[in-house]
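Q: I would like to learn how to read ring pairs and salt bridges in a model. Where do we start?

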Amino acid sequence: MARPSFSFSLILIFPLLFHLALSKTLKRDVKALNEIKASLGWRVVYAWVGDDPCGDGDHPPWSGVTCSLAGDYRVVTELEVYAVSIVGPFPTSVTNLLDLTRLDLHNNKLTGPIPPQIGRLKRLKILNLRWNKLQDVLPPEIGELKSLTHLYLSFNAFKGEIPRELANLPELRYLYLHENRFSGRIPAELGTLKNLRHLDVGNNHLVGTIRELIRSDGCFPALRNLYLNDNYLTGGVPAQLANLTSLEILHLSHNKMTGIIPVGLAHMPRLTYLYLDHNNFNGRIPDAFYKHPYLKELYVEGNAFKPGVNPIGVHKVLEVSDTDFVV
């Protein structure tokens, strides 16, 4: 069967684009974006010309604003304003953009808390607020973002406990909470997230044990990367951890963990990077680890292992770029 020609595709698409151009932008979104415009710095405002964020006959859509048709109106579906030195509190008017699917304000100088009204953004899939100066506790209303797949809150100054309401996000795949001031225990409820692939809570003030996190059979079924480094975790590495058969990266460096390393971890089929350094582990590393077909790096220094325990690979800082996951 012959494929549709390029010209035929244009015939189908052009009426949609024409309709989008002629449609009016929902007043709710025009009001919200103009309120945001009034609160932002000059680096953004100079590129936001006119009153309609989706553009009109005289002006193009505002930079960083993506609009789509919803019935007879245009609505704002994406807002990406990053690395432009926005100063001040989180713009609460953003929470009136009820059709947002992506909100990216990373690498600015936002301060204060995330407002509880964030829970209004029911269609939001990606929330990226990393590299700001946000603080205070995370509002439990963040657990109302049922469509969320990517949550980036790293490199801020959030404090308090990680809200267990995050376990109410059934589509969540990537959770970045590292480099904050979170305290208390990691909610074991996160283990119920069936789609979670990446969990990073490193460089906080968290306490507790891994056994408290891996409490039930079948938890974290899709988890590939687990970063627990640079906290105050105690206890040993539980044998149950080997049940996370999708795990590729396990980062436990710089905690206060003790005990021996169970041989079961060496049979995790996808384990590629294992960081145990700077804890209080003892005993030996089972030979099975050195025969693992995929294990590229094993860091062991700064422990009480018996003589003869050797690392695997060259010691370097492992970074998984956010760009690997943002869609």
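A: Start with burial: buried means under 20% relative accessible area, exposed over 50%, and partly exposed in between (1.4 Å probe, protein chains only). F182 is buried, at a relative accessible area of 0%. The model is predicted: local features need pLDDT of at least 70, side-chain atom pairs count only at pLDDT 80 or more, and totals for chains, interfaces and linings use all residues. Residues are numbered from 1 along each chain as its sequence is written, and side-chain values use heavy atoms, with hydrogens and water left out.

Q: How many aromatic pairs does a search of the whole structure find?

A: A pair of aromatic rings is described by the distance of the centres and the angle of the planes. Rings of Phe, Tyr and Trp (its six-membered ring) pair if their centres lie within 6.5 Å; planes under 30 degrees apart count as stacked, over 60 as edge-to-face and the rest as tilted. The search finds seven aromatic pairs. W48 and W62 are stacked, because their ring centres are 4.7 Å apart and their planes at 20°. Both W48 and W62 are buried.

Q: How many salt bridges are there?

A: Side chains of opposite charge can pair when their charged atoms come close. A salt bridge puts a side-chain nitrogen of Lys or Arg within 4 Å of a carboxyl oxygen of Asp or Glu. The count is nine. One of them joins D52 and R74 (3.0 Å, N to O). D52 is buried at 14% relative accessibility, and R74 is buried at 6%.
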